[in-house]
Amino acid sequence: MSEATIRPRVGILISGRGSNMVSLVEAARAPGYPAEIALVLSNVPGAPGLERARDFGIATATVDHRAFNKDREAFERAMDDVLRVNQIDLVVLAGFMRIMTPWFVRRWEGRMINIHPSLLPLFKGTHTHRQALEAGVAEHGCSVHFVVPELDAGPVIAQAKVPVLAGDDEDTLASRVLVEEHRLYPIALAEVAAGRAALVDGAVVRR
Ligand code: GRF
């Protein structure tokens with residue numbers, strides 16, 4: 001990763017349809033994009049995103065969390081082994097529906113990012129679009145952040161806003177946010193991969 005010509009190898013972790021994964025894969029095909037998508041890993045056998053990744057010719061792997069009898073660290077060690085065998089430099093969570101233990105988070109500290117469908121620190125956790133509608137906010141959006149042990153609390157790398165419109169329901173709002181997720185995540189990953197955004201002493205430092 002020290003030479004500008006060597007692009008960090010990215011492992012994308014998914015649990016479902018993988019639309020953010022697809023947006024990252026498509027962006028990374030552009031000449032000059034500073035990262036290579038080397039692996040798509042899922043905890044859900046048969047997750048639709050796995051087939052989409054294979055269609056792009058990307059290596060895929062599955063580590064089924066249910067095979068580890070609720071031993072989260074054993075599950076994460078198995079994932080970590082797959083990431084290391086594939087020489088992954090950066091971990092990108094894209095709809096990955098498992099909470100990481102502090103062990104795994106520390107292991108990938110500063111090298112693991114996530115996208116969350118709200119303007120953090122607002123609306124952590126699940127059902128973020130419902131939370132936004134119930135709160136009556138005029139603006140909503142998405143955030144890309146470094147992963148830290150506390151859920152959805154990592155330093156924010158980039159955010160994108162959308163308006164909340166009269167008559168919105170969870171689905172219309174989610175669709176509007178998702179368009180921005182697909183635009184934002186490749187930009188934020190490029191910032192991290194190129195070393196222009198880094199996690200230093202618990203904060204994002206821009207160079
Ligand atoms: C996205 O809304 C993302 O922000 C959230 O989970 C969803 C994943 O969607 N973490 P997809 O699998 O990328 O289509």
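**Figure 1. Gln 87 is an exposed residue, with a relative accessible area of 57%.** In this predicted model, residues are numbered from 1 along each chain as its sequence is written, and side-chain values use heavy atoms, with hydrogens and water left out. Local features need pLDDT of at least 70, side-chain atom pairs count only at pLDDT 80 or more, and totals for chains, interfaces and linings use all residues. Gln 87 has its place in the loop between α3 (72–85) and β4 (90–93) (helices are DSSP runs of H or I with at least four residues, strands runs of E with at least two, numbered from the N terminus). Its phi is positive, near 55°, although Gln 87 is a residue other than glycine. Most residues other than glycine have a negative phi.

**Figure 2. Asp 152 is a non-glycine residue with a positive phi of about 55°.** Asp 152 is found in the loop between β6 and β7 (156–163). Because its relative accessible area is 9%, Asp 152 is buried (buried means under 20%, exposed over 50% and partly exposed in between, with a 1.4 Å probe and protein chains only).

**Figure 3. A cis peptide bond joins Leu 120 and Pro 121.** Omega at this bond is about 10°. Most peptide bonds are trans. Pro 121 lies in the loop that runs between β5 (112–116) and α5 (128–135). Leu 120 also takes part in a contact with Ser 143: the backbone nitrogen of Leu 120 is 3.0 Å from a polar atom of the Ser 143 side chain.

**Figure 4. Ser 143 is a buried residue of strand β6.** The strand spans residues 139–146. Ser 143 counts as buried because its relative accessibility is 0%. Its side chain makes a polar contact of 2.9 Å with the side chain of Gln 159 (a polar contact is a pair of N or O atoms within 3.5 Å; within protein, one must be able to donate a hydrogen and the other to accept it, and residues adjacent in sequence count only if both atoms are side-chain atoms).

**Figure 5. Ser 19, Ile 115 and Glu 181 are among the residues that surround the ligand.** Ser 19 places a polar side-chain atom 2.5 Å from an oxygen atom of the ligand. In the side chain of Glu 181, an N or O atom is 2.7 Å from a ligand oxygen atom. Ile 115 contributes through its backbone, where an N or O atom lies 3.3 Å from a nitrogen atom of the ligand. On its own, the ligand has 360 Å² of accessible area, of which the protein covers 85% (Shrake-Rupley method with a 1.4 Å probe).

Terms used
Near = heavy atom within 4 Å.
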